[in-house]
Amino acid sequence: MIKENDLLLTRPSWITVNLDAIKQNAQTMLKYTGAKRLIGVVKANAYGHGDLAVSEALYEVGVRDFAVATIDEGVRLRQSFINKDVRIILLGVQDVSQVSVMVSNQLEPAVGTLTWLQEAVSMIPAGENLALQLAVDTGMGRMGVNSESELKRLYEFINANDKLFLSGVFTHFATADDGNQNYYHSQVQKFNKWVQAVGIPRKFWHLANSGSALWHTREIDTNTIRVGSVLYGFNPGAPLLSLPMALKPALTLKSKIGSVHQLQAGESVSYGATYTAQVPQWVATLPIGYADGYLRRMTGMKVLVDGHIEHVIGRVTMDQIVITLAHQYPVGQEVTLIGRDGDEEITIEDFAHYADTIPHEIVTIFGSRLPRVYE
């Protein structure tokens with residue numbers, strides 16, 4: 001049977017994840033915000049970094065609360081943390097028919113409607129209970145109660161049922177990491193007004209996501225922070241906002257040269273023959289392509305070879321890319337696609353900017369054909 005790291009021998013393109021960087025980023029955010037509790041967002045395979053390895057690393061530095069998106073993600077995490085004092089929050093809408101799975105795996109769903117609660121109560125096995133996260137929609141427009149009166153009804157319903165108990169109340173900010181601060185402040189005001197009027201104790205609040213924890217830490221309650229992107233060391237506000245403190249990138253993406261040849265003047269590479277050599281030049285083929293998450297639109301993107309900048313030429317294909325070379329290099333030469341090589345660096349933010357998207361999409365799109373190697 002081929003082990004994960006053996007895949008580097010069969011197809012040498014891989015992601016390296018620095019778990020110490022993730023631990024350091026968590027501790028940096030706790031210190032910067034003055035938070036007493038951190039909820040680590042490890043949905044989408046910990047933003048592509050590996051949910052189980054990342055969660056175990058965070059557990060080592062005292063994190064006991066995690067957030068995922070789906071029931072399957074939550075069950076996987078619970079099975080990894082059997083008999084450990086860990087809380088697992090389910091963000092987003094969940095199918096009420098799966099209440100028994102949530103109960104048996106101690107998963108805490110986000111809830112935003114009374115109808116969901118009423119159906120859930122009838123499905124909870126005798127002698128069991130379900131911990132809940134009250135979702136408050138202050139302006140994201142995806143899910144949650146959107147009025148003080150509605151929040152009051154749900155809170156009273158939970159308190160009146162011994163099969164239910166409140167574990168948290170939260171909102172999610174739409175513009176904490178961009179320039180629309182008026183919208184952000186309106187969301188803060190709604191949350192504070194509604195939750196305080198209903199009488200939900202502050203110990204249940206968690207509203208500081210990565211953006212608000214970075215750029216609004218003195219404006220909102222940050223006793224508990226619920227963060228994802230900052231754990232992995234990239235800037236959620238790029239390119240509009242600069243980080244107020246240093247974070248350590250946790251992910252690097254590398255490949256190795258699979259073949260080398262010299263293009264003659266007039267010869268072209270890849271589909272469509274979109275790149276034609278004007279003079280003789282060395283090029284290399286790397287075993288990585290858009291099926292791995294190296295997007296088709298990355299033609300022209302820089303890469304690092306032996307500490308200097310080269311570029312992707314021709315169209316990115318499903319499984320391979322072609323890069324320029326300053327001179328002939330041997331097969332097996334390491335190439336950095338994201339990360340540092342000597343004095344040069346390609347950040348996730350650089351990669352996302354070139355792709356005209358956000359860093360979150362980049363790290364979560366890298367596929368399972370790229371082994372994760374942990375250091």
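The questions and answers that follow concern a helix packing and some salt bridges.

This is a predicted model, in which local features need pLDDT of at least 70 and side-chain atom pairs count only at pLDDT 80 or more, while totals for chains, interfaces and linings use all residues. Residues are numbered from 1 along each chain as its sequence is written, and side-chain values use heavy atoms, with hydrogens and water left out.

Q: Why is α2 called oblique to α4?
A: Helix α2 (residues 19–33) and helix α4 (residues 51–60) pack at about 50 degrees, with their axes 9 Å apart. Angles under 35 degrees count as roughly parallel, over 145 as roughly antiparallel, 65 to 115 as roughly perpendicular and the rest as oblique, so α2 is oblique to α4.

Q: What makes the pair K23 and E60 a salt bridge?
A: The term requires a side-chain nitrogen of Lys or Arg within 4 Å of a carboxyl oxygen of Asp or Glu, and the closest N and O atoms of K23 and E60 are 2.6 Å apart. The pair links helix α2 to helix α4, 37 residues apart.

Q: Which class does E60 fall into, buried or exposed?
A: At 56% relative accessibility, E60 counts as exposed.

Q: What makes E334 partly exposed?
A: E334, which forms a salt bridge with K254, has a relative accessible area of 32% and is therefore partly exposed.

Terms used: Axes fitted to C-alpha atoms, helices over the stretch in contact; angles between N-to-C directions. Helix = DSSP H or I, 4+ residues; strand = E, 2+ residues; numbered from the N terminus. Buried < 20%, exposed > 50% of the residue type's maximum accessible area, 1.4 Å probe, protein only.
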